[in-house]
Amino acid sequence: MVDAQKRYLLPSLLQMKCPNCRKGRVFTTKHILPLNTCLQMHERCTECHVKFIKEQNPGYGINYVLTVMMLFLNLVWYYPIFGIRYDDNSLYYFLTVSVIITLLLQPWFMRLSRILFLYFTIYYHSYRK
Ligand SMILES: [Zn+2]
């Protein structure tokens, strides 16, 4: 069954849709709050019934990469605005701000890393009903 409307990779990935049909939802809740239900996933896709939960690795490695990447990506906006010098405490201010931002984004990163893991293992239209 191929539907007329093509569903693109990046919007589906950011909307946390199923990697197979890009229609069904992967997580049971739409938002990250409350935090204790943030990572609850459907066992199977609500649209195409592809199985999501099959391995014990839901993307921890990807989460680590995203976290380290974010710590350095904060340099992109922090350095032009505030600047970092060796002869004062500005490096420590940067590290504090960067860690706080990365921690605040962590629930979203955990979801995104699970979705990325699913997108690496399940391809578009690879399973049919
Ligand atoms: Zn699906």
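1. Glutamine 106 counts as buried, with a relative accessibility of 15%, where buried means under 20% relative accessible area, exposed over 50% and partly exposed in between, with a 1.4 Å probe and protein chains only. This residue lies in helix α4, which covers residues 106–121; helices (H or I, at least four residues) and strands (E, at least two) are DSSP runs, numbered from the N terminus.

2. The model is a predicted one, in which local features need pLDDT of at least 70 and side-chain atom pairs count only at pLDDT 80 or more, while totals for chains, interfaces and linings use all residues. Residues are numbered from 1 along each chain as its sequence is written, and side-chain values use heavy atoms, with hydrogens and water left out.

3. Leaving aside residues up to four places away in sequence, glutamine 106 touches Asn63 and Thr67, contact meaning heavy atoms within 4.5 Å. The side chains of glutamine 106 and threonine 67 are also joined by a polar contact of 3.5 Å.

4. Cys18, Cys21, Cys45 and Cys48 each coordinate the zinc ion through SG, at 2.2 to 2.3 Å, donors being N, O and S atoms within 2.8 Å of the metal (3.2 Å for Na, K and Ca). The site is tetrahedral, with angles of 106 to 112° among the four donor atoms; four donors count as tetrahedral if all angles lie between 85 and 135 degrees.

5. Cysteine 21 and cysteine 45 both lie in the loop between α1 (9–14) and α2 (60–82), so the pair ties together parts that are 24 residues apart in sequence. Cysteine 21 is buried at 8% relative accessibility, and cysteine 45 is buried at 1%.

Methods. Tetrahedral: all angles 85-135°; square planar, octahedral: opposite > 155°, others 65-115°. Polar contact = N/O pair within 3.5 Å; in protein donor to acceptor, adjacent residues only side chain to side chain.
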